[in-house]
Amino acid sequence: MGTLSFSTSIYLLFTIVFHSCLAASNVDPLTGTKREALEIIIGGGGGEAPSPSDEFPPPCKHFQNENGCFENARLAKAYDVIQRFKEKIKVDANSKKYLKTWYGTDVCKYRGIYCDIRPDVKEKAVAGVDFNGAKFAGCDGTLPLDGFFDELDDLAIFHANSNNFTGTVPFKASKIKYLYELDLSNNKIAGGFPMKTLSAMNLTFLDLRYNSLQGTVPQQAFDLTLDVFFINNNNFAAQMLPTNLGNSTAVYLTFANNNFTGSIPESIGKARNLLEVLFLNNQLTGCLPYEIGNLTQSTVFDASSNKLTGPIPYSFGCLKKMQILSLANNQFYGEVPETVCKLPMLNKLSLSNNYFTHVGPACRGLIEKKKLDVKKNCIYGLPNQRSEKECAAFFLKKKDCPRMETFYWVPCVKHGYNYYKYSDEGKSPAAAPTARTYSTLTPHHRL
């Protein structure tokens, strides 16, 4: 067997080392897929020559730019916006599930991106973004919405619950013509309430809970034609609930865990679309307006953990569809109206930690069924009540409610006839509460 020359040995060693480097680096760090290895054939050619179709791809039949061929200019712009946004995202186990699919010019196949035909121009466009739970974070610790959300001009839905978006809601987003659902909950959005941006949109769904919004919520926010309006768990400054609250068209409304003060405005009785409202854990004071009894479609009313006082208005007996009524942890007093305990759909009536003094037979029946909680009150003969001393101290204080005569008004009873008496007669109560807004009190959940 012949021996190799020194120069031939060096060449072969280089070939082996170079081939090994290629083999070790042929995995894409983002996608985890293997790249096609480059073969080096000593003394041979480089494989088959490329076909003419490889060198000269077919001409683009739609829209061509430096990034490739697209179905139209809208999708070409969306591609550019998404790729720029992609560069800002920190690559980790969560984001890779999305980013590894963000290749090629067909953005409609990207994970989290959804396309549809834009109705006014009859062209395919990026109509939806769903990043709920993606946990995107920025490479430098910031991940602004600017340059992404506000540049996708054709959006109808933008859902980005539970990420790490920072900064403010960009004003340029107000030009997005068809946007009707915006979910930015559980992020790090700061600044004031984005009223100028939102007022220019046609939103029906707005979820801003679990952020760091500051300042006040302007009255104009309740003139927006929203079906869903969630602003709980922010850093809003202390402010009174707006007097135009009743202008809201919302079906679901949450104020919980903020710093709202003052009384619940009388106008709430005009919010006839309202099914569920959460006022819990604020600093509300004053007495309940009888107008709440006009919310005859409502199923959930929670004003627990505030500083509200006074008796329960008799008008609450008109809440014929109420399933969950919570007034716990306040300073209510007097009797618990029997008409409230007779509500046909009632599954949970929470009145604990107040100063109620009397319950009738219907209410005692709910206590036995564990549907009514009256612990820590001043009701003689029931267990787990406040001490006599504590109750006496409370009733020595002066108590006053404005419009006291209205507490005996029952708007659903006219001329001695109960218009709701027969509508629910014979119906079985609901098997279980169907409340949906309580899920908004958990950051990662949405309606």
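View 1. D207 and R209 form a salt bridge, with their closest N and O atoms 2.8 Å apart; the term means a side-chain nitrogen of Lys or Arg within 4 Å of a carboxyl oxygen of Asp or Glu. This is a predicted model, so local features need pLDDT of at least 70 and side-chain atom pairs count only at pLDDT 80 or more, while totals for chains, interfaces and linings use all residues. Residues are numbered from 1 along each chain as its sequence is written, and side-chain values use heavy atoms, with hydrogens and water left out. D207 counts as buried because its relative accessibility is 0%, and R209 is buried too, with a relative accessible area of 0%. Buried here means under 20% relative accessible area, exposed means over 50%, and partly exposed is in between (1.4 Å probe, protein chains only).

**View 2. The whole chain, for orientation.** The protein chain has 8 helices and 24 strands, taken as DSSP runs numbered from the N terminus (helices are H or I with at least four residues, strands are E with at least two). Of its 447 residues, 46% are buried. Its accessible surface is about 22,700 Å², and carbon and sulfur atoms own 55% of that; areas come from the Shrake-Rupley method with a 1.4 Å probe, and for residues only the protein chains shown count as cover. Among contacts with a separation of 6 or more, 52% link residues 24 or more positions apart, a contact being heavy atoms within 4.5 Å.

View 3. R118 sits in strand β3 and D154 in the loop between β4 and β5, so the pair ties together parts that are 36 residues apart in sequence. Both R118 and D154 are buried. By the same rule, the count for the model comes to 17 salt bridges.

View 4. Strand β3 (residues 113-118) runs antiparallel to β4, and 6 bridges join them; two strands pair if DSSP finds at least two bridges between them. C115 stands opposite V126 in β4. The hairpin has 4 residues between its strands, and K122 takes a positive phi near 60° there.

View 5. The 12-strand sheet is open and mixed, in the order β3-β4-β5-β7-β9-β10-β12-β14-β16-β18-β20-β22. β3 and β22 (372-373) are at the edges with a single partner strand each, so one side of each is left without a neighbour in the sheet. Further in, β16 (residues 300-302) and β18 (residues 324-326) pair in the parallel sense over 3 bridges, with V300 opposite I324 in β18. The other open sheet has 3 strands in the order β17-β19-β21, with parallel pairing. Its edge strands, β17 (309-310) and β21, each pair on one side only. β17 and β19 pair over 2 bridges, and T309 stands opposite Q331 in β19.

**View 6. Phenylalanines in the largest nonpolar core.** This core has 93 residues, and F131, F149, F158, F193, F279 and F301 touch the most other members. A nonpolar core is a set of buried Ala, Val, Leu, Ile, Met, Phe, Trp, Tyr and Cys residues joined through side-chain atoms within 4.5 Å. Helix α3 gives the largest share, 7 residues. Leaving out residues up to four places away in sequence, F158 touches V129, L145, F148, F149, L179, E181, L182, D183 and L184. Apart from this core lies another, of 8 residues, including Y333, C391, C401 and F407.

**View 7. F148, tucked into a loop.** F148 lies in the loop between β4 and β5 (157-159) and counts as buried at 1% relative accessibility. Beyond its neighbours within four places in sequence, F148 is in contact with V81, I82, F85, F131 and F158. F85 is 63 residues apart from F148 along the chain, yet their C-alpha atoms are separated by 6.2 Å.

View 8. E266 and R403 meet in a salt bridge (3.5 Å, N to O). E266 lies in the loop between β13 (260-262) and β14 (276-278) and R403 in the loop between α8 and β23, so the pair ties together parts 137 residues apart in sequence. E266 is partly exposed at 44% relative accessibility, and R403 is partly exposed at 27%.
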